[in-house]
Amino acid sequence: MVSFDHVSYRIHYEDTSVELQPLNFKLLRLLWDNANQVVGVNEILEAVWGSRSVSSDTIKQRVFLLRKVIQAEGICDFEIKSIRGEGYKLITHYSAPDSLENRPNTEQMDVPKVGINILSPRLILLFTCFAIFISVFIWQKKLETQTGQNNRLALWLYTDNQATKDSLVKVRRLLTDRVVKSQKYDIQIVLSEFDQALSIPQQARTHRIGLLVFLALEDNTTVNARILEPKTATILSSYQIQIDRVTQELNGQEQLIEAVLSLFNSGKLVLTKDMLVNADHPIWGELVQIASKNN
């Protein structure tokens, strides 16, 4: 079941708390209040944006971002469907229990008695083994899912200046090409821009980013690159890359790439909630050591 906190713009689902952008929060609340019903575009515009004039494409973008957050947080009790030519519908997947009227009257039924002793040692052993097998299977699947959600690398540009941004785009393109050629791990490159209006952890959750590299131009020939753990915005290591203005080659990029690949190959980027909230957990020292050994 999902609950809404209108003060902090958070939704609470089981043991997960997710902070949303105010507009995304209003949109989800509107769809939730009209669950399993089509909500028209005009109704959405009036309820979420009020008197502001926005296009239908803006709604599509908001729905897209909302879906990504829902998917990233593993919320599966509902989904948002686009209804062509009408609007959007939030479909819940709760299974309601049978009503009393539809339940069989066991008192009137002739139920055969089966001679099975449920306390039999063999049955207890069988059930125990089965339970262990299921637990291990679920744990492996969960680990595979977590690993798959932590193999994304984002190379974000940190600048407000268009000329600087053009230079950084070239550097990012060269780095991306080298990472793809060098990788011994299934790394997905996320080509998204850093939004300074949003927190790093919030953007990382939206794009399911496993590792983040910030690129900032210090001068005409020097780029500062910082490797961050995105869910906590913790800096693991810093590197400087020199740009050869004649050949357009990057000097110092190999150390950065080696550090990125070492972090992914270590398997330590799949962090538990205890690791994320505990700044003194040994994992942070391990991650810093891995990221800095080639520095």
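Predicted model: local features only at pLDDT ≥ 70, side-chain atom pairs only at ≥ 80, totals over all residues.
Three strands make up an open sheet in the order 4-6-5, and the pairing is antiparallel. Strand 4 (38–40) and strand 5 (78–83) sit at the edges with a single partner strand each, so one side of each has no neighbour in the sheet. From one strand to the next, the twist averages 25°. If you zoom in on strand 4 and strand 6 (residues 87–92), you'll find 3 bridges joining the antiparallel pair. Glycine 40 stands opposite glycine 87 of strand 6.

Now look at what lies against those strands. Helix 1 (residues 22–33) lies across strand 4, strand 5 and strand 6, and it runs at about 70° to strand 6. Helix 2 (residues 41–49) lies across strand 4 and strand 6, this time at about 70° to strand 4.

In soluble globular proteins, nonpolar side chains tend to be buried together. Here the largest nonpolar core has 34 residues, and Leu175, Leu211, Val213, Ile227, Leu256 and Leu263 are the ones with the most contacts inside it. At least two residues each come from strand 7 (152–157), helix 5 (162–182), strand 9 (211–217), strand 10 (222–229), strand 11 (234–243), helix 7 (253–266) and helix 9 (282–292). Helix 7 gives the largest share, with 7 residues. For a view from inside, pick valine 213: apart from neighbours within four places in sequence, its contacts include Leu153, Leu155, Trp156, Ile227, Leu256 and Val260. There is also a second, separate core of 28 residues, with Val2, Leu20, Leu31 and Leu45 among them.

Finally, the charged side chains. Side chains of opposite charge can pair when their charged atoms come close. The count in this model comes to 5 salt bridges. One of them joins arginine 10 and glutamate 19, at 3.6 Å from N to O. Arginine 10 is partly exposed at 27% relative accessible area, and glutamate 19 is partly exposed too, at 34%. Another links lysine 81 with glutamate 79 at 3.7 Å, N to O. In that pair, lysine 81 is partly exposed with 37% relative accessibility, and glutamate 79 is partly exposed with 31%. Lysine 60 and aspartate 57 also meet in a salt bridge, at 4.0 Å from N to O. Both of these residues lie in helix 3 (residues 56–72), where they are 3 residues apart, about one turn of the helix.

Terms used
Residues numbered from 1 in each chain as written. Heavy atoms only, no water. Core = buried A, V, L, I, M, F, W, Y, C linked by side-chain atoms within 4.5 Å. Buried < 20%, exposed > 50% of the residue type's maximum accessible area, 1.4 Å probe, protein only. Helix = DSSP H or I, 4+ residues; strand = E, 2+ residues; numbered from the N terminus. Contact = heavy atoms within 4.5 Å. Salt bridge = Lys/Arg side-chain N within 4 Å of Asp/Glu carboxyl O. Pairing = 2+ DSSP bridges. Axes fitted to C-alpha atoms, helices over the stretch in contact; angles between N-to-C directions.
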